[in-house]
Each structure stands twice: as C-alpha cells, then as structure tokens.
Amino acid sequence: MRVLDLFSGIGGFSLGLEWAGMETVAFCEIDPHAQRVLARHWPKVPCYDDVTTLTRARLEADGVRLPEVITGGLPLPRPLCRWPSSGD
C-alpha cells in the first residue's frame with residue numbers, strides 16, 4: 001500500500017509502515033531539520049513543506065503515485081516537544 005505521511009517529523013510512522021510492507025510515496029514536513037533527516041533516509045521520496053498547498057493535483061503533477069493510506073503525526077507546539085529541565 002502507498003502512504004502519504006503528513007506532519008512527518010523524522011519519519012517514524014513511515015519507518016514502521018515500511019517494515020509492515022507499505023511504501024511511502026511523499027512526506028509533508030515544515031521543519032527544516034526534519035526535512036534533512038527525511039531526505040537522507042528517503043532520498044527518492046519527495047517532501048513538501050506546506051500541508052495547506054498539498055493537493056491531489058500537485059501530487060499528480062509531480063508524478064507521485066496517489067496514496068492509499070494517509071498518516072499524520074500530531075503537530076506539537078515547541079514547548080511540548082522539550083524534555084523537562086532537571087528543576088521541573
């Protein structure tokens with residue numbers, strides 16, 4: 001099955017789904033660091049940076065095979081992404 005991974009982070013969902021036999025056809029991730037990680041581990045999979053402009057027409061125009069599954073990580077505000085300090 002083909003997967004579109006939204007709010008991809010560093011690709012945890014896609015990694016697990018690939019282990020289950022699925023194929024990631026595109027990512028959508030806004031964070032530049034995460035985009036670099038995705039590009040290193042999935043160099044042939046396109047990564048889009050804006051979910052609000054990602055459409056079926058855009059995927060088709062870019063030659064991306066349409067997904068059968070769409071997954072997405074929960075976007076978290078930056079303060080929730082940090083480990084508590086030793087004083088917390």
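Modeller: Glu-23 pairs with Arg-65 in a salt bridge, a term that stands for a side-chain nitrogen of Lys or Arg within 4 Å of a carboxyl oxygen of Asp or Glu, and here the closest N and O atoms are 3.5 Å apart. This pair links distant parts of the chain, since Glu-23 belongs to strand β2 (residues 23–28) while Arg-65 sits in the loop between α3 and β4, 42 residues apart. Helices (H or I, at least four residues) and strands (E, at least two) are DSSP runs, numbered from the N terminus. The model is a predicted one, in which local features need pLDDT of at least 70 and side-chain atom pairs count only at pLDDT 80 or more, while totals for chains, interfaces and linings use all residues. Residues are numbered from 1 along each chain as its sequence is written, and side-chain values use heavy atoms, with hydrogens and water left out.

Glu-23 is partly exposed, with a relative accessible area of 38%, and Arg-65 is partly exposed at 48%, where buried means under 20% relative accessible area, exposed over 50%, and partly exposed in between (1.4 Å probe, protein chains only).

The structure holds 3 salt bridges, and another of them joins Glu-68 to Arg-2, with the closest N and O atoms 3.9 Å apart. Glu-68 lies in the loop between α3 (56–61) and β4 (69–72) and Arg-2 in strand β1 (residues 2–6), so this pair ties together parts that are 66 residues apart in sequence.

Within helix α3, Arg-56 and Glu-60 lie 4 residues apart, about one turn of the helix, and their side chains meet in a salt bridge at 3.1 Å, N to O.
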